[in-house]
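The sequence and structure come first.

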Amino acid sequence: MDLGVRRLDTAYNYLRFASHRALAEVAGDLLGEFEISTKVGFFPDGHSLDPLRLRKAIEQSATELGRPPNLVFLHNPERSLNGLPKPHGRDALAAAVTTLTDTVRTGLSNAWGISSWNAEVLMPYLAEVPAPDVLMTRCGLTCAPAALDAAGHLAELLNVPAAGRWGMAPFGGTPAAVPWPAPGAFVRGQVATTPLQAAFAVAYHLPDLAAIAVGADQRDHLAELIAATRLDIDPARVAAYRALLTQRKATVTS
């Protein structure tokens, strides 16, 4: 809160399925000052799109938080869909989405969304799926051209508004693999910044996003990223970078 954070993102399966209890215990009365998003789909025995299991997980999440979450994501649905025949997969996804929309209708959550680590796998199974309030996809300089394209196409296909396009894993989970940019590669003006901040700021444009979920376990790291959100990114340089990615992809596949 001291850093200006007012939105927390977690999941039913985080912290060995204890994240909601831990969050409620640590935050106490302050929990009401935050918007909470969570995710359902992973269970101790694996991933599932079973509507009954999803609903029970959402009910348990609300109970452990002591309040309905502001947003519930369907967590990486492609994990259960990958390899399924399209008709079966589309039916399974539709049933799962219906469960999430029903929880909004009945007050178990305030909004619903889809969180997808691999949008390319998910896209073939989207048939007559209503527009989610939020779509969360991978983002940033570690994303391959196909992943960036798929994230953008998925948002368009689902008619997700600009404010509902969120990103995750801007450093790919392994900072050592990030192609750290020179501070002036994307940032306009002569401002003091670091490669970390430049990489984070440009992640909001790879693809175009309104918010990005990041880890909060290191306060100094978090403060540096929050400062980076005020940097002025040059869209022309981002467009040039995307064009270079496209050219590289064409060269590799030709």
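## Cavity

The model is predicted. It contains one cavity of 30 Å³ or more, and the volume of this largest cavity is about 80 Å³.

The residues lining the largest cavity are Ser116, Trp117, Asn118, Ala119, Glu120, Thr137, Arg138, Cys143, Ala147 and Ala151. Five of the lining residues are nonpolar, three are polar and two are charged. Helix H6 (119-122), strand E7 (134-138) and helix H7 (145-157) each contribute at least two residues to this lining.

The largest pocket has a volume of about 1,800 Å³. It is lined by 50 residues, of which Ala213, Val214, Gly215, Ala216 and Leu222 are the closest to its centre. At least two lining residues come from each of strand E1 (7-9), H1, H2, strand E8 (165-168), strand E9 (211-213) and helix H9 (219-228). By class, the lining has 31 nonpolar, twelve polar and seven charged residues.

The second largest pocket has a volume of about 200 Å³. Among its 14 lining residues, Gly152, Arg165, Pro207, Asp208 and Arg242 are the closest to the centre. E7, H7 and E8 each supply at least two residues of this lining, and H7 gives the largest share, five residues. The lining of the second largest pocket comprises seven nonpolar, three polar and four charged residues.

## Nonpolar cores

The largest nonpolar core has 29 residues, and Val40, Leu74, Leu93 and Leu158 have the most contacts inside it. Two or more residues of this core come from each of helix H3 (51-65), strand E5 (71-75), helix H5 (86-105), strand E6 (112-116), H6 and H7. A second, separate core has 27 residues, including Val178, Leu209, Ile212 and Ile233.

Leaving aside residues up to four places away in sequence, Leu158 touches Ile114, Leu126, Val129, Pro130, Ala131, Pro132 and Leu135.

## Helix H2

Helix H2 spans residues 19-27, and its residues Ser19, His20 and Ala27 are buried. Seen down the helix axis, the buried residues of H2 lie within an arc of 100°, so they line one face of the helix. They pack against helix H1 (14-17), strand E2 (35-40) and H3.

Just after H2, Gly28 has a positive phi of about 60°. H2 also supplies at least two residues of the lining of the largest pocket.

Definitions and conventions:
Residues are numbered from 1 along each chain as its sequence is written. This is a predicted model: local features need pLDDT of at least 70, side-chain atom pairs count only at pLDDT 80 or more; totals for chains, interfaces and linings use all residues. Side-chain values use heavy atoms; hydrogens and water are left out. On a 1 Å grid over the protein atoms alone, a cavity is a set of points where a 1.4 Å probe fits but cannot get out, and a pocket is an open set with protein on both sides within 12 Å along at least five of seven lines; lining residues have an atom within 4 Å of a point. Grid points are joined across faces, edges and corners, and a volume is the space filled by probe spheres set on the points. Helices (H or I, at least four residues) and strands (E, at least two) are DSSP runs, numbered from the N terminus. Ala, Val, Leu, Ile, Met, Phe, Trp, Tyr, Cys and Pro count as nonpolar, Asp, Glu, Lys and Arg as charged, and the others, Gly among them, as polar. A nonpolar core is a set of buried Ala, Val, Leu, Ile, Met, Phe, Trp, Tyr and Cys residues joined through side-chain atoms within 4.5 Å. Buried means under 20% relative accessible area, exposed over 50%, partly exposed in between (1.4 Å probe, protein chains only). Contact means heavy atoms within 4.5 Å. The arc is that of the directions from the helix axis to the C-beta atoms.
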